[in-house]
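This report describes selected residues of one protein structure.

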Amino acid sequence: MIEIVRGEHDTGPPSPLETFKQNLKHDLPASIVVFLVAVPLSLGIALAAGAPVLAGLVSAVVGGLVASVFGGSPLQVSGPSAALTVVLADTIATHGWPVTCAITVAAGLLQILFGLTRTARAALAVSPAIVHGLLAGIGVTIVLGQLHVVLGGTAQGSALANVVALPRQIAAHHDQAVLIGVVTLAVLLAWPRLPAVVRRVPAPLAAIALATGLSVLTGMTLPRVDLPAGLPSLHLVPRLPDGGWGGFALAAVTIALIAGLESLLSAVSVDKRRGGPRTDLDRELVGQGMANVAAGALGGFPVTGVVVRSMTNYEAGARTRMSAMLHCAWILAACLLLTGTLRLIPLAALAALLVYVGTKLVNPAAIKDVRRHGDLPVYVVTLAGAVAVNLLTGVAAGILLALALMLRRMIFSGIHVEKHGDSHRVVIEGALTFLSVPRLTRVLAEVPAHAEVTLELLVDYLDHAAFDCLRGWQQAHAGPVTVDELGHPWFERGRAGTPTVRRGLAARVVPRWLAPWSEWQAEHVALPVQRSASSLLCRGASEFQRRTAPLLRDTWTGLADGQEPHTLFITCGDARIVPNLITTSGPGDLFTVRNIGNLVPPADGGADSSVGAAIEYAVGVLGVAEIVVCGHSGCGAMKALLGQAPAGLHQLGAWLRHGEPTLLRRGREAPLLLGGRRPAAEADQLALQNVVQQLETLRGYPVVAAALERGGLRLTGMYFDVGAAQVSLLDDAARGFVPAGAVTS
């Protein structure tokens, strides 16, 4: 229990008013920074979309305020977004401004519905390649259109038309608008390289301010922002269409999906940067929907959570949603008090700002990431569809291609033929379904008619069509065909009339390099000869060479010039004990000594010098850091020490004399516990004492004693319960053996 001790004059946690004041110290300056970024972007986006310029500020104020109050992300800043510029321009051109406002309201209602039905997280299932491709398509479209404005012309009706007309626009006579556009772009590009003190002013604000100042000081006559002298009275603008309800609904769904997806991705991006609770995505979607209803009703266009403004808000030190709310207040104040200043801004400067923002939407780092994950085709198709046709077409094309690639990856089967003399091995890996049957048939047709064939199946799913193909070919082939299944017996179950119909029903199969050969080789010896240990082990060696050796070849290559094991492992010769398996070790890790009863003869053991030689070599030459003595349950040597030795085995009797100290120890020491209890079998109790005794014997070896003295060696007692597949380690504090992982000393 943690006790919180407060000071003598501590009056408890701060009051809500004190907390508000503390947060306001951070939220107030952050809101000013976000305001300075938001104003030029809001004006530029309205200009690019063909909407009334004032609508951009209405959206920033009304939509941003409602989203910040009711949304689920405290640091999210909402407002007009460049991601909606293209679809919004098309909507305005098709339906007109009043109907577009109604579409904005409808899109907001759809977002509220999505949030209330808790479908927000489903939007995050959209592939990042589609999202980045969509943003890049929007960026390319914005750049192609606004370049014409920067060059003193007007944007065409589509991205392709802009591409066709661009060479003529570049070659045409250029006026003052070009100079202002170039200055704006130059400031935006150079700003990140300036000193940190200068960069405290947001780059968009600096670029627009300098371009505007230059145009005013030099007396340039060029198109500027058209704002009324004061903020007009707000009134309901939306109007329902007289017809064309299909287009109305499609536009509303498109705006709802794109705006909702960008808002959710922006919220998630901010969550990754900040600590604390994660965003309630469903609430965020409801808040964004309410913002769009309010903005559309009062003559604004759609808003989203904007990642640039949200990240700016976080980087500026904002702590609560008050920062986003205050930034709306500053925009409103600018509309009321700085209208004359805003009307001085050249349209070319805003167009140049949008060109810069559009290029930022084509993110090279995102392209590299998408390419690394193998989704570059999805990105390219989405981008091309968004630019050449429209955003919805690009997204639909990207989703279809992503689904096709996913399907291909899920059902892909690796099928090839390996020839060994007169025999052939057809190797099939992956999911084998009806989609793979044409390729499977083509590969099987390459096998000579009378060849001896092994079908090696390592499949994680086999459907009816693929099974019929394999069985039909097996029956029709003139030569012998052996089916060797690695893993779940999909083919064998089908042939037996009890096919496995779902992947979830497939039994988990122990890999062959772990399972005993008796559990898998009996059914897979292709040669029609009497099975013997020799033939089975040769089959196992062949399996190793085919499957395991390629995986470990680099490891063995590194060990070719010598060994550096970290442990001397002394254990019984019992076939059930597999040292590398129960210790999760591999080639080069263990220097293993095996004998009957895992016995260690005394250092002056005389004729029995093999174990002593191994100990001296491992400790003195190889410099192992640990010696493990491992006993086990059901040990025949322990039973023999208790008088159950088979008759007539003279060599065994001579060897077991090294176990007599264990019998003496059993008589004078208290029983050892295994997992807190005494083993039921007397031989198993003796096996525990035997491990401890062999550790004591090891201490009598001079090379071991010297290594222990200098702290370069550790002795460990281990016990393996065969029936329970449980490894236990000697723990002095527990007066016995405890399960591995629970040792205290």
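## Basis of the description

Helices (H or I, at least four residues) and strands (E, at least two) are DSSP runs, numbered from the N terminus. This is a predicted model, in which local features need pLDDT of at least 70 and side-chain atom pairs count only at pLDDT 80 or more, while totals for chains, interfaces and linings use all residues. Residues are numbered from 1 along each chain as its sequence is written, and side-chain values use heavy atoms, with hydrogens and water left out.

## Glutamate 456

Strand β5 (residues 452–462) contains glutamate 456. This residue has a relative accessible area of 0% and is therefore buried; buried means under 20% relative accessible area, exposed over 50%, and partly exposed in between (1.4 Å probe, protein chains only).

The side chains of glutamate 456 and arginine 425 make a polar contact at 2.6 Å. A polar contact is a pair of N or O atoms within 3.5 Å; within protein, one must be able to donate a hydrogen and the other to accept it, and residues adjacent in sequence count only if both atoms are side-chain atoms. With neighbours within four places in sequence left aside, glutamate 456 is in contact (heavy atoms within 4.5 Å) with residues including Arg425, Asp484, Leu486, Arg546 and Arg547.

## Leucine 338

Leucine 338 is located in the loop between α12 (322–337) and α13 (339–342). Its relative accessible area is 41%, so leucine 338 is partly exposed.

## Aromatic pairs

Rings of Phe, Tyr and Trp (its six-membered ring) pair if their centres lie within 6.5 Å; planes under 30 degrees apart count as stacked, over 60 as edge-to-face and the rest as tilted. By this rule there are six aromatic pairs. In one of them, tryptophan 245 and phenylalanine 248 have ring centres 5.4 Å apart and planes at 65°, so this pair is edge-to-face. Because they are three residues apart in helix α9 (residues 245–273), about one helical turn separates tryptophan 245 from phenylalanine 248. Tryptophan 245 is partly exposed, at 46% relative accessible area, whereas phenylalanine 248 is buried at 8%.

Another pair joins phenylalanine 591 and tyrosine 617, whose ring centres are 6.0 Å apart with planes at 40°, so the pair is tilted. Since phenylalanine 591 belongs to strand β8 (residues 590–595) and tyrosine 617 to helix α23 (residues 610–621), the pair ties together parts that are 26 residues apart in sequence. Phenylalanine 591 counts as buried, at 17% relative accessibility, and tyrosine 617 is partly exposed, at 39% relative accessible area.
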